Structure formats: C-alpha cells, structure tokens
Amino acid sequence: MMRHLISAADLTRDDAVLILDTAEEMARVADRPIKKLPTLRGRTVCNLFFEDSTRTRISFEAAEKRLSADVINFAAKGSSVSKGESLKDTAQTLEAMGVDAVVIRHGASGAPYRLATSGWIDAPVINAGDGTHQHPTQALLDAFTMRRRLVGRDTGLGRDLDGKRITLVGDVLHSRVARSNVDLLHTLGAEVTLVAPPTLVPVGVESWPCEVSYDLDSVLAKSDAVMMLRVQRERMNAAFFPTEREYSRRYGLDGRRMAKMPEHAIVMHPGPMVRGMEITAEVADSDRCTVVEQVANGVSTRMAVLYLLLGGAEFTAPASPRPTEES
C-alpha cells in the first residue's frame, strides 16, 4: 500500500470522502481560541517548492503548523538548485536530515512521482502541483467547498457530489487544476463540463470523463458551480486567442452571465484572479463567489491530507503512473 498523494485520479470515492469528512473536523479547529492540534508534534515536513507560489505554500505551512509539525521551507531560488543541484541530490539531503514528509511543487510534470518512487527518500510525498499535470489538494479543497455550499456543512458528511453539475471555464490546456478537478469530481459522481476556446482545449480531451462545450452561455443555466480558470500566460508560447477583450467577451464571467445561473449556484476560482478578463469585480466580490472560502478551506483540507498520511488512518490510493509527454 502506497502512502503518497500524487494525483487526484489515484483517489477512490471512499478515499476522497474520508479526506473531505476529515477536513470538516479540521475546520472546527479554526473556530477554537487556540488553533492547534498535537497530531504531528515531533514530525518534520519540508515544503519543497521549485516554482513560485503564494497561496499553496502558505496554505500548506499553515496546515502543518496547526498540526504542530516542524516546518522547513525550501525555495529553489537562492538555493543550491540555482547552482545546478539535481532533484536527486536535494532529496537525499532531506533524507539525511530526517524529514518525515515532503510537499513538492515542480515545473516538470512527473517530478513528484519520480520523487515518490525513486527510493531517494523514505517519506510520504504530496504533490502541490507539477507542470500542467496534477494539483490534487486544490481539487480536494474545491470539492470540499462545493460539498459545503451545495450539499451542506453537516448534511454533507459521508456524502459525495453525485448529480451535481460543475462547469470549468477557461485555459484548460495549461491547467493542472482542471485536470485534477475533472478526475476527482468524476470520482465523486459529479457531471463535469469544460468550456474553453478550441485553442485552449487539450488534445485527447475526448478521453476525459467530461463534456466539452465552446459556448459558455449555453451551459450556465444548468450549472450548480462555475469555476473560472486563470489564463496562464507564463506557459503560453503562442497567441491562443486574438485579444483580452475578445476572450472576456466570449469566456469571461460578468454580472449578466451570473444572472443566468440558478439561484443556488456558486462561482469559484483557484486564484490568482485576473479581474476584468476572466471575471469582473462585480462577480468576484459577490456573495456567490467562494474564492476567500476556498483559501480557508485549503488549510483544512491540507490538514486532513497531512493527518491521514502521517498521523491517522491510511489511504488506499496507489502512486499514480508516470505521466506521458502529452501530460
């Protein structure tokens, strides 16, 4: 039995529901005067970040400290990596220091899998985002937010997202968030639709467990949740759409489009948001937008993952297979 979290596709329905239920318990810690549990006291967790990050790194650090773990933050910039040190050498250094778990973000798809299966380090590995491949804890916190809003905080315990209709909009091609959400939401029984310009839809998307549409207006009325994806210009090496104005006109979410959604439907975004292009300020600041909730829920969800991998019940999830070049 493996003990890593590399891909959302590795999780069974029972695994995912267990994490969401555990996150609900962890969320109650945030309501206490002292927001700490002794669960990981004496354990050391290293946040190994080879890519820039704000929300994910701080979220993991907050989760680790609330579980009383000792935390090492590693950033590639200013480290020996900038001098040419390999992932293997970095991992063996952490192993020599006695690290109990590694949270890794890397620009190369497959790096967390390589770290978990190489034998370089004998510790659980949690994927905090690898290239355009996977970001499993983001998918988990998104599912946690959806379940709370669409099913209920208490009534949702033990339940999945069966029958809920989720729409993901935007730069699917470069989005590890989209891939992870499609995998996890399908496992939880939701019906997923991707909406994007044809140029931002990945090759082979027909094999994904979801529908694809190029018309945002046609799917809004039947969506329980609409997640806007960031346009990842840093990963683009060509012109994938004519202008920002044209993209916003076809695929941006404004007040007029939000009014077409069912009254109970929510608007989500993994952040950071590009206001005015992907989403207007009117929508981003509305009560239906869960962006701030997602940040708070990220801490609870990552506490749950760390607890289950290091301190509590075991996962049944195997390590994910090596991603292909197309990943």
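Y251 counts as buried, at 4% relative accessibility, where buried means under 20% relative accessible area with a 1.4 Å probe and protein chains only. Y247 is likewise buried, with a relative accessible area of 2%. This is a predicted model, in which local features need pLDDT of at least 70 and side-chain atom pairs count only at pLDDT 80 or more. Residues are numbered from 1 along each chain as its sequence is written, and side-chain values use heavy atoms, without hydrogens and water.

The structure holds 2 aromatic pairs, a pair being rings of Phe, Tyr or Trp (its six-membered ring) with centres within 6.5 Å, stacked if the planes are under 30 degrees apart, edge-to-face if over 60 and tilted otherwise. In one of them, the ring centres of F50 and F74 are 5.8 Å apart and the planes stand at 50°, so the pair is tilted. Because F50 lies in the loop between β1 (44-49) and α2 (55-66) while F74 belongs to strand β2 (residues 70-75), the pair ties together parts 24 residues apart in sequence. F74 counts as buried, at 17% relative accessibility. Y247 and Y251 also form a tilted pair, 5.9 Å centre to centre with 45° between the planes; both lie in helix α8 (residues 244-251), 4 residues apart, about one turn of the helix.

R105 is found in strand β3 (residues 101-106), strands being DSSP runs of E of at least two residues and helices runs of H or I of at least four, numbered from the N terminus. The side chains of R105 and T56 are joined by a polar contact of 3.2 Å, that is, a pair of N or O atoms within 3.5 Å, one able to donate a hydrogen and the other to accept it, where residues adjacent in sequence count only if both atoms are side-chain atoms.

Note on methods
Buried < 20%, exposed > 50% of the residue type's maximum accessible area, 1.4 Å probe, protein only.
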